Amino acid sequence: MKSPLISAAILLGGVFAFLKFILPLFTAPLPASLIYLYLAIVLSGIMIFGTMSAGGLEAFMGPIYRFISGEIDGPTKMARILVLIVFPLLVGWQTYTKLAPSELPPAENRTIHPAPPGEFVGLANPYPTNESTIQEGKGIYAANCSPCHGPNFDGKGSAALGFNPPPANFADPGTIAQLQESYLFWRIKKGGVGLPIEGMPWKSAMPRWEHELTDEKIWKVIIGEYDGAGQSPRTWEEED
Amino acid sequence: MVYGQKHMKGFFAKAQASLYLAIACGLFGFAISPVLASDPPPDGAPASVSVRVYLTEGVVPLDDPLASAWDSAAESEFNLSPQVHWPDRIQETTVKSVKVRGLHDGQAIAILVEYQDPTEDPADAAALEFMVGDQKAHFAHGQEMLLVEGGPVNIWYWKNEVGKATDMSAKGFKTLRPQDQQDVAAKGVWQDGTWKIVFSRPLQTGDEHDIQINPGNWASVAFAMWDGKLVDGAVKEKGSQKAVSSWWNIRAEPAPDNSIFLYVILGLLVAAAFEFVLVRKLRKGQAV
């Protein structure tokens, strides 16, 4: 008969392997703390199931108790001494890692796309998207935006490297494709310094373009940007 | 009655066993959690996000960029960009990245910056920038933010032809001024295409316009470098034409806290005592 202890070990190992290696093939990897929590739940389940009856309790816990109390012989005896020595050391090590001062700077929760001020909500681009406005917009982009946001609209311009946060990658479906044109109009016109506190304006290198570009040029650069990045703006209709 | 007593005894034995088991599981989980709970760093994270200013019991090389003591401090490296935030921008700078090390002794701090610049020129210059006080300041000279009240910045500036540091303040463009109270020293050495410049200062200056450095506390730092080479009779990079970074983090190491080891020993003892009690109980009564 298979020992319930071995079944339990196989079950735990299997659940760990599934959460750690197989699940990430289908979805985002689970944070280690969550895996840990799931394993703890599985372990409690195993314990409850294994100890429900007196016979089960003996079959389940007997080998563990005999191992710990030392009523065993042969190489297992050495293993027992090793476990008894290693366990306190692990606890000590873990106490140290929990208490040791961190060398990591405090985490910052920067909101990448904070809510725009009211006056910029729902503005429509007064210029049509056509070959002429696209070309004009791309020209303005090349002269002003591409050093940071890149000639390929991917945020990898030659001047991008020193900045934290890095310049936005417009080709990424998580940036301008999620936003309306009015949002881009706000961000370009007011620049990094126009961000609310949750956007951490003190870190952004984005210029306040209203000092250098007319509204017309800003609207046209938006047209050129969407076309160049192969994205389309989010519209009100899609929200319904 | 007899049956009841026996029944109760069995119940207590079981409860006791379960309790031990629960404690063992808890301790074991605590012990192995670092093995399970370690997430890899996120993709695309930059190489350095902070400067660690090491606490040394030796002499802090306040004016010696070549001192061997610098070898004891691990370096951080930060990429630089051309200053694009403000007009008069240039799109290419000579200095592409800067390596930074820090040392302090509880009284004074020295920060070494090291970067490639193929030519030594009188107008070569470098600067460190810090936020002052509790209010966040924009990295471009603490310029005005539209929705957030910003604070001032403290700039430690060094220029080759001047040969010393200038302790400066700014809060917005065109407000950069040398301070009345000068607290910063600097010394630069150019060798084989590399500038090594050490900036130094007491940790605390008593000047409200300065960053006050408290070991253990995180602060914000940014860097700027100018290549002063003459191109067609004009200095290549000057004023707002420079290589810059935005804000990164800096922290002077606090004095080591030895009380941690007390807790570690306590943890060891608790675990060992638990083992001892468990083994004894099991041997005595076979709890199950």
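The exercises below, each with a worked solution, concern a predicted model.

Local features here need pLDDT of at least 70, side-chain atom pairs count only at pLDDT 80 or more, and totals for chains, interfaces and linings use all residues. Residues are numbered from 1 along each chain as its sequence is written, while chains are lettered from A and ligands numbered from 1 in the order in which they are written.

**Exercise 1.** Determine how many residues of helix 7 of chain A are buried.

*Solution.* A residue is buried if 20 or more other C-beta atoms, placed from the backbone, lie within 10 Å of its own, exposed if 12 or fewer, and partly exposed in between. By this criterion 8 of the 10 residues of helix 7 of chain A are buried, among them Y183(A), W186(A) and K190(A). Their cover includes helix 8 (215-229) of chain A.

**Exercise 2.** Explain why P122(B) counts as partly exposed, and say which residues P122(B) touches.

*Solution.* First locate P122(B), which lies in the loop between strand 5 (108-116) and strand 6 (125-131) of chain B, strands being DSSP runs of E, at least two residues long. Next, P122(B) counts as partly exposed because it has 14 C-beta neighbours inside 10 Å. Finally, leaving out residues up to four places away in sequence, P122(B) touches N160(B), E161(B) and G228(B), where contact requires C-beta atoms, placed from the backbone, within 7 Å.

Conventions
Helices (H or I, at least four residues) and strands (E, at least two) are DSSP runs, numbered from the N terminus. Two residues are in contact if their C-beta atoms, placed from the backbone, lie within 7 Å.
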